[in-house]
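Reader: I would like to learn how to read helix packing, cavities and backbone details in a model. Can we take them in turn?

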Amino acid sequence: MDFIELEAVEGLRWSWNSWPKTKGEAASLVIPLSIMHTPLMEIADLPVLSYEPLICKGCSAVLNPYARVDYQTRLWVCPFCYLKNPFPGSYAGISENNLPAELFPTYSTVEYRLNRARPNWRSGHFPSPSSSLSSSLYSGGEAGSRGAGPTFVFVLDTAMAEDEFQVLKKEILHVVAQLPDSCLVGLVTFSSMVHVHDVSDADCSRAVVFHGERDLSPHQIQQILGTPHLQHRKFSNKASSQTFNFLLPISECEFSFTAAVEELTPAPPPAPGYRSGRSTGVAISVATGLIEASSASAGSRIMVFLSGPTTLGPGMVVGANLGQSIRTHRDLLKDRAPHYKKSCDFYRRLAQRLCDASIVLDAFACSLDQVGTAELRSAVESSGGWMVLAEAFASDQFKKCLQHIFQQDDHGHLKMNFDATIDIVATKEVKICGALGPCVSLLKKNSSVSDMEVGFGGSSSWKLGTLTSKTCLAFFFEVEGEQKSQAGPVFFIQFITRYRHGDGIIRLRVTTAARRWAESSRSPEIAGSFDQEAAAAVMARLAVDKIERGDHTDEVIRWLDRMLVRFAAKYGDYVKEDPTSFRLSSNFSLYPQFMYYFRRSQFTDVFNSSPDETAFFRLMLNREGVVGSLIMIQPTLFRYSFDGPPVPVLLDVSSISSDSILLFDSFFYVVIHYGSQIAQWRKLGYHRDPNHENLKKLLEAPVQDAEALLNDRIPVPKLIHCDQHGSQARFLLAKLNPSVTHDTLHASNTSEVILTDDVSLQVFIDHLQKLAVEF
C-alpha cells in the first residue's frame with residue numbers, strides 16, 4: 001500500500017489504514033487510531049465547484065462518491081447515517097451518464113465556492129470538473145475585488161539598534177507596497193509605552209499613547225481609542241470616523257502609512273546595567289482591541305516584530321535590571337521563574353480573544369537573546385500564526401519568511417486563508433477523541449464525540465485562525481462497541497473544512513475517506529495497513545502534548561519506552577526469551593528507529609536549547625505534516641563524492657569521511673559538512689583551477705541542493721557550512737548515531753569519534769529485543 005500516493009489524493013495519512021471492529025482490539029494496537037490531516041493540501045486536478053453542496057438532513061454530511069443514488073426517485077442515501085435525501089430540482093438531469101463532480105468515484109476531495117446561486121441543470125449536462133475549476137477561478141478574481149480585504153496590524157518594537165530598525169522599516173514598507181489596495185493596515189509601536197498611530201493624515205503625525213504597565217480590558221482599550229465595539233455602533237447610523245483613522249485601506253493611506261513608518265525612530269538606549277523597557281503584552285492586547293472594534297470581516301493578522309524580552313507590564317519575561325538573568329529550562333523546572341506562569345496565563349486569555357475575533361498572531365523574534373516566545377507560544381499556536389526566530393532583521397531568514405507570507409497568486413490575491421473551521425462526520429461505530437495542532441475546540445458535541453479526550457477534545461468541530469497548504473492536524477479516534485457483527489465491511493470519515501480563501505470568497509473543502517474493518521487486531525490486513533511514518537509523527541505529537549500539559553520529560557520518555565516495548569512484543573516474530581530470534585517485518589522495522597531518534601531530539605532533550613527555542617521547535621512539530629515531522633525527528637543525510645551522484649547514507653558517525661561532502665537536513669538547520677581532505681583542497685583554491693573542474697562541481701552540488709531546501713521551507717532554516725573537526729561540525733555530530741565513541745574507538749577503523757555517554761542505535765535495539773521477548 002503506497003501511503004504517499006493516497007495522501008496526494010486525500011490529504012490524509014492514517015497510522016492504521018484498517019481498523020479492528022471492537023474497542024478492546026483497537027486498544028491492543030498500541031499505536032492509537034489516528035489520522036494526520038492536511039486540510040488544504042495541494043491536490044492535482046482538484047475540482048472547484050461554483051455551487052452549494054448538498055447536505056444530509058440527518059448527520060450534516062456532504063454528498064460524496066460513497067452515497068448510494070436512486071436515479072429513478074432522485075434520492076441519495078447517506079453512507080454515514082443511511083438517511084434518504086432528495087435531490088433538489090436543479091439536479092433533475094442526474095443519471096448514471098450525467099453525474100455532478102461530487103459523485104465522481106475518483107474525486108474523494110472536492111471544493112465548493114459558497115454564497116453563489118445553484119445552477120439549473122434540469123435539461124442540460126453537469127459541467128465537467130475542469131470547466132468548473134477554470135470558471136470558478138476566473139469569477140473568483142472578480143468576486144475577490146469587491147469589498148474590504150484582510151486587515152494587517154504591524155506591531156513594532158522600537159527598542160533596538162538604529163541599523164536593525166532601519167532594516168525592519170524597509171522590509172515592512174516593501175511588504176505594504178505589494179499589498180492589494182483593498183487590504184486594511186494599522187501601525188502600533190512600543191517600548192516602555194505603546195503608540196497607536198493615526199494613519200489618515202501624512203501632514204500631521206498623531207498617536208494614542210498607552211501606559212506600558214497597565215493591563216487594560218478590551219472595553220477600556222476601545223474607549224481610549226475612541227472606537228466603540230461594532231455591536232455598540234451598529235445601532236447608530238453615524239459610525240465613529242476615528243475608528244478608521246487607525247485602520248484604513250491601502251488605497252486611502254499608503255502615503256500616510258509610509259510617512260508614519262519613515263518618521264519612526266528607535267527608543268533611547270537604556271541606562272548602563274539595565275535592559276530596554278518593552279511592553280509587548282500591552283502592545284499586542286491594544287492591537288487586538290483595535291481589530292475587535294473594527295468592522296474587519298475578511299481575516300486579520302497582528303504581526304509582532306520583537307528584538308528583546310518583555311520587561312514591563314503583562315507578559316513580562318524578566319526585569320529591567322541586568323542583574324536578573326532570563327529564565328532557563330532549569331529555572332522553569334525548579335519553579336524559579338517568577339514571571340513565567342503569570343505571563344502564560346495572560347497570553348492564554350489573549351489567545352481566547354484572538355480566537356473569538358478570528359485574528360492571527362505572528363511573532364518575528366530577531367535577537368541573540370530570548371524575547372519571551374515561550375510565554376507567547378499559546379497565543380501564536382492557537383491562532384495558527386507563524387513564529388520565526390532569527391539572529392537579526394537583516395538576516396535572510398527573516399526577509400525570506402516575510403516575503404513568503406505575503407506571496408500572491410496569479411490573480412493578485414494573497415495566498416492567505418482565514419477563519420477556518422473543520423468538522424468531522426464519521427460512521428456511528430467511530431468516535432472522535434480530539435485533535436492536536438494549531439486549532440481550538442469549538443466544544444460541539446454530538447453522538448460521534450467520545451468521552452475520552454485527546455488534546456483538544458470534546459468536540460466534532462475545531463476552529464483555526466488561518467490555514468496554509470502545509471498546515472497539518474492530528475485527529476484521534478476510538479472504536480465503540482464489542483459486537484463484531486454490528487459494523488459493515490467498510491467505515492467512512494468525512495472532513496469538512498470551511499475557510500475564507502485569499503480572493504475573499506468562502507470555500508468548503510470536503511474530503512471523504514473509506515477504509516475497511518479488520519476481523520481482529522492480529523489479522524494480516526491490520527499488519528499490512530500500518531503506516532510507521534505517520535505513527536511516529538502521531539506519537540511525537542502525543543509526547544510533546546504530555547510534556548506541555550505538565551508531565552516531566554523523563555516520565556514521558558519512560559511512557560514512550562513502555563509503548564515501544566509493547567509494540568515490539570506484539571508485532572515482532574521471535575522465540576520466547578531468545579533475543580537473537582527477534583525480527584520485525586519491513587512495515588514495522590523503522591518505527592523503533594524513529595523512536596530512538598525522537599528520544600534524542602530537541603523536543604525531549606532540551607539541553608543546549610533555551611525555552612524560546614524549545615517552544616519554537618514544538619510549535620513547528622504540531623503544525624507540520626508527516627514528511628516534515630520525520631525530518632525533525634530523524635534528519636536526512638546525503639553524501640556527495642567523486643564516485644557518482646549524491647546518495648542517502650545512514651545518520652551515523654561512520655558516514656563521515658575525509659574525501660566526501662555531507663548535506664544534513666534537520667528541518668531547522670541545514671549543514672554542509674566538508675571532509676578534511678575536501679576542505680583542504682577548497683582552502684588551497686584547487687576548485688578555481690580549470691584542470692579541477694570536477695572538484696568545482698562537487699563543491700557546487702550540495703550548495704545548490706541546500707538552496708533548494710531553503711527556498712521550499714518556511715520558516716527558513718539556518719544554513720551552516722563547516723569542516724570536519726571544526727567547531728561548527730557540532731551541529732552535525734550532535735544528531736548522528738554515536739556508533740563510534742571514545743569507548744568503542746579501538747574496535748573501529750573510522751577516523752571520526754563522538755564523545756558521548758548516549759547509547760548507540762544498535763545498543764538501543766538490542767535492549768528493546770531483550771525486553772520484547774521477555775514481555
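Author: Start with the element names. Helices (H or I, at least four residues) and strands (E, at least two) are DSSP runs, numbered from the N terminus. This is a predicted model, where local features need pLDDT of at least 70, side-chain atom pairs count only at pLDDT 80 or more, and totals for chains, interfaces and linings use all residues. Residues are numbered from 1 along each chain as its sequence is written, and side-chain values use heavy atoms, with hydrogens and water left out.

Reader: Where does His687 lie?

Author: His687 sits in the loop between helix H20 (676-683) and H21.

Reader: Which residues is His687 in contact with, leaving aside its neighbours within four places in sequence?

Author: Contact means heavy atoms within 4.5 Å. On that basis His687 touches Arg682, His692, Leu695, Lys696 and Leu699. Leu698 is 11 residues from His687 along the chain, and their C-alpha atoms are separated by 9.1 Å.

Reader: How do I read a helix pair?

Author: Two packed helices are described by the angle between their axes and the distance between the axes. Axes are lines fitted to C-alpha atoms, for helices over the stretch in contact, and angles run from 0 to 180 degrees between N-to-C directions. Take helix H4 (residues 162-178) and helix H13 (residues 396-405): the angle is about 20°, and the axes are 10 Å apart.

Reader: Are H4 and H13 roughly parallel or antiparallel to each other?

Author: Angles under 35 degrees count as roughly parallel, over 145 as roughly antiparallel, 65 to 115 as roughly perpendicular and the rest as oblique. H4 and H13 are therefore roughly parallel. From H4 come Val167, Leu168, Glu171 and Val175; H13 brings Phe398, Lys399, Leu402 and Gln403.

Reader: How is that contact classed?

Author: Ala, Val, Leu, Ile, Met, Phe, Trp, Tyr, Cys and Pro count as nonpolar, Asp, Glu, Lys and Arg as charged, and the others, Gly among them, as polar. The contact of H4 with H13 has five nonpolar, one polar and two charged residues.

Reader: At what angle do H15 and H16 pack?

Author: Helix H15 (residues 532-548) and helix H16 (residues 553-571) pack at about 150°, with axes 9 Å apart. That makes the two roughly antiparallel. In H15, Met539, Leu542, Ala543, Lys546 and Ile547 meet Thr553, Val556, Trp559, Leu560 and Met563 of H16. By class, this contact has eight nonpolar, one polar and one charged residues.

Reader: Now cavities. What counts as one?

Author: On a 1 Å grid over the protein atoms alone, a cavity is a set of points where a 1.4 Å probe fits but cannot get out; lining residues have an atom within 4 Å of a point. Grid points are joined across faces, edges and corners, and a volume is the space filled by probe spheres set on the points. There are five cavities of 30 Å³ or more.

Reader: Which residues line the largest cavity?

Author: Its lining is Tyr597, Arg600, Ser601, Gln602, Met632, Ile633, Pro635, Leu651 and Lys735. They divide into five nonpolar, two polar and two charged. The largest cavity holds about 60 Å³. The second largest cavity holds about 40 Å³.

Reader: What about backbone details?

Author: Ile714 and Pro715 are joined by a cis peptide bond, with omega about -5°. Pro715 is in the loop between helix H21 (693-712) and strand E31 (718-723). Asp419, in strand E17 (residues 417-426), has phi near 50°, a positive value in a residue other than glycine.

Technical notes: 1 Å grid on protein atoms, 1.4 Å probe; cavity = no way out; pocket = protein on both sides within 12 Å on 5 of 7 lines; lining within 4 Å.
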